[in-house]
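Please look over the sequence and the model shown below before reading on.

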There are 2 protein chains.
Amino acid sequence: MRADARRNRESILAAAKIAFGEHGTGTQMDDVAARAGVGVGTVYRHFPTKEALLAELVVQRFEMLIGRAREAVEEGVDDALFRFLRRTAEDMASDAAFQQVLMFAGAPWEAAAAQRAELQGLVQELIDRGKRAGLVRDDMRALDVPLLMGGVCVSMGSGLPAHADWRRHLDLVIDALRPGPPPPAPAA
Amino acid sequence: MRADARRNRESILAAAKIAFGEHGTGTQMDDVAARAGVGVGTVYRHFPTKEALLAELVVQRFEMLIGRAREAVEEGVDDALFRFLRRTAEDMASDAAFQQVLMFAGAPWEAAAAQRAELQGLVQELIDRGKRAGLVRDDMRALDVPLLMGGVCVSMGSGLPAHADWRRHLDLVIDALRPGPPPPAPAA
DNA sequence: GACCATACGGAACCGCGGTTCCGTTTGTCA
DNA sequence: TGACAAACGGAACCGCGGTTCCGTATGGTC
């Protein structure tokens with residue numbers, strides 16, 4: 001691969017990261033090209049499709065989350081799960097496209113299947129530790145994480161009028177994962 | 001207004017309700033027209049814009065939710081809030097477009113401002129009752145409802161692979177609204 | 001320094017879907 | 001029943017944005 005080609009590929013990825021982070025999946029290819037200081041044709045030489053470009057970004061983002069999860073596991077704290085969730089949310093807050101991918105699935109989501117699987121394993125470890133310490137409800141499953149985080153994503157992007165307060169949303173959702181109070185008298 | 005005009009308006013609204021419920025905001029005007037047994041032009045005679053049509057549907061849906069909320073208030077049960085949330089979720093599950101509007105706001109969302117305000121008042125009543133009975137956490141606010149329900153919407157539409165289990169999501173989120181266990185030893 | 005495969009730029013292409021326009025039909029009223 | 005305003009149908013229009021195409025530029029090699 002020629003030197004300038006490699007350089008351009010990097011520029012494009014960097015530009016795309018910013019553009020997609022800001023404008024979400026609606027980002028236009030021309031915009032990415034412009035930011036990268038490159039023509040659209042060049043973008044298409046490196047990534048056959050907009051979806052493919054986005055998929056690459058999503059994989060990278062998952063790779064980063066895997067790193068976060070590893071750190072959390074190694075931290076060895078009982079509430080590492082919650083700390084991980086908060087850090088993850090903080091990361092996602094600045095990436096509109098990733099939020100949308102997390103919410104709606106599709107090709108880029110599928111493309112990161114391997115990463116997702118790995119991440120799920122690490123999260124399971126965090127959950128187990130939390131359960132052992134009595135900080136996490138017994139019936140929590142690893143799949144609850146994408147479920148709930150997908151929900152939190154709604155409160156992030158889009159500059160919503162009323163429900164833009166994603167930190168509040170996250171707090172509530174994390175509380176949902178703690179062991180509940182004794183079931184409030186099963187009266188009906 | 002001519003008789004056939006009124007009749008057509010109703011057909012269009014009915015058709016739109018079904019179409020938007022199925023395909024979400026991505027529903028095409030031609031589809032609505034076809035289902036209503038009418039030409040596109042006729043649809044546009046009655047609703048100047050796709051957004052306007054959707055807005056009308058959203059207002060109707062909120063009107064229905066207001067009805068649900070009134071019922072809940074009149075029920076007079078302590079956990080009326082939770083019962084209301086479950087019924088509401090059940091209603092929303094079959095309306096893809098409403099889910100999207102709830103998630104992303106925009107013009108149709110704004111159009112229902114009055115309804116939203118009224119609904120919020122009723123929900124506040126339900127919350128207060130729940131708090132008095134000790135079933136609802138003290139710091140819950142009426143605005144937490146759209147916040148969390150918006151999140152649940154993610155788990156509804158779109159036939160997602162992993163996180164399609166919206167009932168689970170709803171259960172968790174409702175648990176988040178209950179009074180928490182004693183804060184797990186403020187160690188950190 | 002010449003050569004050529006590789007890479008680039010960006011104008012043009014194309015399908016999609018919301019919206020418009022106008023000739024035709026139909027309800028209503030005298 | 002005749003006349004006319006109101007309403008209808010749907011082909012055509014148009015902007016948008018992803019993708020393609022090809023003439024030009026350039027890094028690497030002999």
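What covers the buried residues of α8(A)? In this predicted model, the cover includes three helices of chain A, namely α4 (50-75), α5 (80-92) and α9 (144-154).

## One helix in detail

Helix α8 of chain A runs over residues 113-132, and at 1.5 Å a residue its 20 residues should span 28 Å, which agrees with the 29 Å that lie between its end C-alpha atoms. The buried residues of α8(A) are A:Arg116, A:Leu119, A:Leu122, A:Val123, A:Leu126, A:Ile127, A:Arg129 and A:Gly130. These residues cover an arc of only 160 degrees around the axis, and therefore they lie on the same side of α8(A).

After the helix comes A:Gly134, which has a positive phi, near 75 degrees.

## The chain as a whole

Chain A contains ten helices and zero strands, so that, in keeping with the way helices and strands are assigned, its elements read α-α-α-α-α-α-α-α-α-α from the N terminus on. Along the principal axes, the C-alpha atoms of chain A fill a box of roughly 65 × 40 × 25 Å.

Of the 188 residues of chain A, 41% count as buried. When contacts in chain A between residues at least 6 apart in sequence are considered, 67% of them join residues at least 24 apart.

## How the two chains are related

Chain B is superposed on chain A by a rotation of 180 degrees with 0.0 Å of shift along its axis, and the RMSD is 0.0 Å. That is the relation of a two-fold axis. The same surface serves both copies, since 100% of the contact residues of chain B recur in chain A. Which residue of chain B comes closest to the rotation axis? It is B:Gly151, whose C-alpha lies at 1.7 Å.

## The surface near the DNA

DNA strand C is surrounded by 21 residues, of which the closest are A:Asn8, A:Gly39, A:Gly41, A:Thr42 and B:Ala3. The elements that give two or more residues to this surface are α1 (3-23) and α3 (40-46) of chain A, together with α1 (3-23) and α3 (40-46) of chain B.

The most is given by α3(A), with four residues.

Conventions
Residues numbered from 1 in each chain as written. Chains lettered and ligands numbered in written order. Predicted model: local features only at pLDDT ≥ 70, side-chain atom pairs only at ≥ 80, totals over all residues. Least-squares fit on C-alpha atoms with pLDDT ≥ 70 in both. Contact = placed C-beta atoms within 7 Å. Buried ≥ 20, exposed ≤ 12 C-beta atoms within 10 Å, placed from the backbone. Near = placed C-beta within 6 Å. Expected span 1.5 Å × (residues − 1). Arc of directions from axis to C-beta.
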